[in-house]
Amino acid sequence: MKMRCKKAKKNISLTMDSRLKPVVQEKLQAHLRSCPACQNWNRQQLWLREQIKAPEMIQPSPDFFAHIQNKINKNAARKRLFSFNPTMLRPILLRAAMLLILIFAAWGGFSLGDRLDAPAAETAAAVFSQTMNLNAYADMPAESFGAVYNRLLQGELQ
Amino acid sequence: MALEKSDLELLALTAAGDQAAFAQLVRSHQSRVLNLIYRFTRDRQDAEDLAQEIFFKVWKNARSFRGRSAFSTWLYRLAVNTCLNYRQKKKNEPEPLPLLGDLEAQTTTAGEAIVNRERKSLLDKALNALPARQKMALILANFEGKSYEEIAVIMEVSISAVETLLFRARQNLAAILKPLKKKVNCERKFF
């Protein structure tokens, strides 16, 4: 099967890095023999490879490492400045929080417990009244549903 | 006789805060890292600054090195990422002046000097015009002699992506440098 130009160009790029398998290399050569455009592209790439040579090697300046060391020291100084670590205080904070919760719960229990204490009912009727909360609608307007219901509960209505 | 410590041993000591080991590590890799960055930035001062930044990152992150790849691969990856970030930052700044290296010094006539200067300038511009990742792949393959597999690991891409990056880089370079090739051919006829 014939190789297309796009594939051939990609293969030329691979050839330049010695990445092409011999079988494909043969196919590429066959394509190059018959395709002037790809021949031209191949020549262009070889010329480019020749042109792009590595620039001259440079050497690090004498104080290269000193600059790095300076950065390290600056970083260490900054770290020391902001060295507060909240994880160090974690056990203390945890205990303090637990104690506060305990105190708050105890105080809440005592104060709410007092408030919820209902006066002891002395008679069975009082117990019934307190349990049913029969006076709940006492303040309602006379014709309201609440008042009528209240009267029904009190036995005033049949 | 003191035995040479391996990179991994030196890195382990560096992670423990040993500055002498770190200095040795820097000495053995500074030239390679500096020249890789220089090929990318084409600016000596920027290359030095970035190389120092990279070694500072090595010092800071020595503990986080897991040893899944070679130290040099890790170092190259740091360098590549730093270069790509640098390019991103420099995007809106004007292009640096092209470097005139030893090419000019080797020339014999004034005419050749002009041609070489122009050629070098165009080559620099063409390389600078390439997208950052294509340029980096080309530098790693052509100048650093890295295999596709190594480039893939360093740039954190697949091997087929490396093939494509290199192909596109060469294709773009050819397109950018077409006028230069014509000019060189004309000059050859002229001289």
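**Chain B and its partner**

Modeller: In this predicted model, 25 residues of chain A are in contact with 30 residues of chain B; two residues are in contact if their C-beta atoms, placed from the backbone, lie within 7 Å. On the side of chain A that touches chain B, at least two residues each come from α1 (5-16), α3 (36-51) and α4 (64-81) of chain A. Of these helices, α4(A) gives the most, with 6 residues. That side of chain A divides into 13 nonpolar, 7 polar and 5 charged residues. Here Ala, Val, Leu, Ile, Met, Phe, Trp, Tyr, Cys and Pro count as nonpolar, Asp, Glu, Lys and Arg as charged, and the others, Gly among them, as polar. For the complex, the predictor gives an ipTM of 0.73 and a pTM of 0.65.

Residues are numbered from 1 along each chain as its sequence is written, while chains are lettered from A and ligands numbered from 1 in the order in which they are written. Because the model is predicted, local features need pLDDT of at least 70 and side-chain atom pairs count only at pLDDT 80 or more, whereas totals for chains, interfaces and linings use all residues.

Chain B itself has 9 helices and 0 strands. Helices (H or I, at least four residues) and strands (E, at least two) are DSSP runs, numbered from the N terminus. Of the 191 residues of chain B, 32% count as buried. A residue is buried if 20 or more other C-beta atoms lie within 10 Å of its own, exposed if 12 or fewer, and partly exposed in between, with C-beta atoms placed from the backbone. Among the contacts in chain B with a separation of 6 or more, 60% join residues 24 or more positions apart.

Two loops deserve attention. Most residues other than glycine have a negative phi. R42(B), however, has a positive phi, near 60 degrees, and lies in the loop between α2 (19-41) and α3 (44-61) of chain B. R42(B) is partly exposed, because 18 other C-beta atoms lie within 10 Å. E156(B) also has a positive phi, near 55 degrees, and its place is the loop between α8 (148-155) and α9 (159-190) of chain B. E156(B) is exposed, because 10 other C-beta atoms lie within 10 Å.

Finally, the mean pLDDT (the predictor's confidence in each residue, from 0 to 100) of chain B is 82, and 79% of its residues reach 70 or more. Over residues 97-107 of chain B the pLDDT is below 50, and this stretch has 20 contacts in the model beyond near neighbours in sequence.
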